[in-house]
Amino acid sequence: MGRAAMVGQVISGNEVAKSIRAELKGEVAKMNAGGITPGLVVIIVGEDPASQVYVRKKGEACQELGIYSETVRLPASASEDELLELIDKYNKDPKFDGILVQLPLPKHISEGKVLLRLDPGKDVDGFHPVNVGKMVVGAEDCYLPCTPAGIQELLVRSGNDPKGKHVVVLGRSNIVGKPITNILLQKAPGADATVTICHSRTQNLQNFTRQADIVIAAMGSPAFVKADMVKDGVVVIDVGVNRINDPQAKGGCRLVGDVDFEPVKAKAKAITPVPGGVGPMTITMLMKNTVKAAKIHHKWKD
Ligand code: NAP
C-alpha cells in the first residue's frame, strides 16, 4: 500500500474507554438490582503526587459505575507488617471483590512480599504470581494486568485485530512489556500474534520495528520511535508517558509518548495519541477486573 493510501486513524482511548464503561455500568446496574455491589479497596502508602491522582481517579471511576470503593491511606512511615496486616483484613472482608495496592511502595516495603500476600482472587491489578502464571498459560479465570489488557482492547475495538500479525513490543517491564507479549501470544481471540520483544540491549532495534505490523512502545523514552523506524501501514500503540519541559505549555511542561507522533502518524494505518490513548484504558480495565471478580465471588451468571 502506498503512503498516499494511509488513513492515519487516531485511536481514541477516551472513546474506547467510554464505551467499555457504558457496558460495565449496565452490567453493574443488573448486579445491583440482584443485590450485589462489586467492591474495590485501594491502599496507598505515602504521598507520591502522581499516585494520589491515580487513586482519586480510581475512586471516581468506581462511583461512576456503581462500584463501592474505599481508599485507605497509610503514611510513608508505615511498616511492611502494618501493610501486610491490612491486606489480610481485606482478603477476608466479603464487601471487597478487589484489592489494589498502589505502586510504587516506599523503599522499606517489599513489593514482592506485598503482592504475594494478596488473595489472588482479589488481585484485580493482576500482579500476583498466580495471576501472572495463569496469564502465561492462558487460563480464563485470571485477572490480566490493566495496561496490557487495555492495549489488547484498543487493538481489537479499533479494528486492528493482532491475529496473524507481527507485533514488536519495545520494553520488557513486568507491568507492560512482558505481559502484553504473553497476552498477544495466546491461542485465543484478540491474540494469535507473532510477537517480538525488544529492550535496551537489543541490537539494531530498527530492523525489528521496520518488520512490524504493530509496534507497541513501552520504554519511557520521549519520541524514541521515528518515522524511518516503521513501515507504511503500521499500527502503533504508544504506551509511554513522558513529561518534557515546554515553556509554551500550561505549567511549563507537557506529556509526550515514546513515539514521534506526527511523522509516524503520516505513515501509519492507526496510532494512539498521548495523552488520550492507552492512559484512559488502564483504570477502565481495573473496573472490568473488579466487576469480573464480583461475578466470580457471587457466582453471577449473565
Ligand atoms: P520500565 O519499567 O522503565 O521499562 C522500560 C523498558 O524499556 C525496559 O525494558 C527497558 O529496557 C526498555 N528501554 C528503555 N530505553 C530503551 C531504549 N532506548 N531502547 C530499547 N529499550 C529501551 O517502564 P514501564 O513501567 O514499562 O513503562 C514504560 C512507559 O509506559 C513509561 O513511560 C510509563 O510511564 C508508561 N506507562 C504508561 C501506562 C499508562 O497507563 N498509560 C501504564 C504503565 C506505564 P531494559 O529492560 O533493558 O532496561
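A: Let us begin with helix H6 (residues 146-157), which packs against helix H10 (residues 279-297) at an angle of about 100°, their axes 8 Å apart. Helices (H or I, at least four residues) and strands (E, at least two) are DSSP runs, numbered from the N terminus. Axes are lines fitted to C-alpha atoms, for helices over the stretch in contact, and angles run from 0 to 180 degrees between N-to-C directions. H6 and H10 are therefore roughly perpendicular to each other; angles of 65 to 115 degrees count as such, while those under 35 are roughly parallel, those over 145 roughly antiparallel and the rest oblique.

A word on the source: this is a predicted model, where local features need pLDDT of at least 70 and side-chain atom pairs count only at pLDDT 80 or more, while totals for chains, interfaces and linings use all residues. Residues are numbered from 1 along each chain as its sequence is written, and side-chain values use heavy atoms, with hydrogens and water left out.

Who meets whom? On the H6 side of the contact with H10 (contact means heavy atoms within 4.5 Å) are Cys146, Thr147, Ala149, Gly150, Glu153 and Leu154. H10 brings Met281, Thr282, Met285, Leu286, Lys288 and Asn289. Together the residues of this contact divide into six nonpolar, four polar and two charged. Here Ala, Val, Leu, Ile, Met, Phe, Trp, Tyr, Cys and Pro count as nonpolar, Asp, Glu, Lys and Arg as charged, and the others, Gly among them, as polar.

H6 has another partner, helix H1 (residues 13-33), and these two also pack at an angle of about 100°, with axes 10 Å apart. H1 and H6 are therefore roughly perpendicular to each other. From H1 come Gly13, Val16, Ser19, Ile20 and Glu23, which meet Glu153, Leu154 and Arg157 of H6. This contact divides into three nonpolar, two polar and three charged residues.

A polar side-chain atom of Thr282 lies 2.8 Å from an oxygen atom of the ligand. For Arg172, a polar side-chain atom is 2.7 Å from a ligand oxygen atom, and for Val241 a backbone N or O atom is 3.0 Å from a ligand oxygen atom.

Definitions and conventions. A polar contact is a pair of N or O atoms within 3.5 Å; within protein, one must be able to donate a hydrogen and the other to accept it, and residues adjacent in sequence count only if both atoms are side-chain atoms.
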